[in-house]
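Please look over the structure shown below before reading the notes that follow it.

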Amino acid sequence: MKTLSEKINELNELVRAGRPLDAFEKFYHPHVVMQENENEPVVGKEANLIREREFFSNAKNFHERAQVLDVAVGNDVTMVRWSYDYDHAEWGKKKYTQVSVQHWSEGQIIREQFFYAS
């Protein structure tokens, strides 16, 4: 069985390779709860898949690959600091750093929250 460190590194590599939806399918629990900053959380894999597809259909022209700046692994929790630089169809040019905090259960992400300047 893979360690949590191996899982988060594989997930990060899928995202960096332009395959974030493959990462979502493989590593996210059916009852995942995802939350952007302090916004209302989105509950369930299907609802979050719709949200993820919508985001990635509007994110274009990645000026550089998403970059992993830091990774931390604890007891059933991981944290990744990302750097993003892309154009979004609705929001325009986006360049920012984001921290993603993942809580794991049964080998998959059950809760994830994203922190970034808005």
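The model is predicted, so local features need pLDDT of at least 70 and side-chain atom pairs count only at pLDDT 80 or more, while totals for chains, interfaces and linings use all residues. Residues are numbered from 1 along each chain as its sequence is written, and side-chain values use heavy atoms, with hydrogens and water left out.

**Helix α1**
- Helices (H or I, at least four residues) and strands (E, at least two) are DSSP runs, numbered from the N terminus.
- Buried residues (under 20% relative accessible area, with a 1.4 Å probe and protein chains only) in α1 are Leu4, Lys7, Ile8, Leu11, Asn12, Leu14 and Val15.
- They lie on the same side of α1, because they cover an arc of only 160 degrees around the axis, the arc being that of the directions from the helix axis to the C-beta atoms.
- After α1 comes Gly18, whose phi is positive, near 80 degrees.

**Lys7**
- Lys7, which lies in helix α1, is buried yet has no salt bridge (a side-chain nitrogen of Lys or Arg within 4 Å of a carboxyl oxygen of Asp or Glu).
- Its contacts (heavy atoms within 4.5 Å), leaving aside neighbours within four places in sequence, are Lys2, Phe27, Trp104 and Gly107.

**Strands β5, β6 and β7**
- Strands pair if DSSP finds at least two bridges between them, and antiparallel β5 and β6 are joined by 12 bridges.
- Strands β6 and β7 are also antiparallel, pairing over 7 bridges.
- Gln102 in β6 stands opposite Thr78, and the bridge partner of Gln102 in β7 is Glu112.

How values were computed: Buried < 20%, exposed > 50% of the residue type's maximum accessible area, 1.4 Å probe, protein only. Lys, Arg positive; Asp, Glu negative; His and termini not counted.
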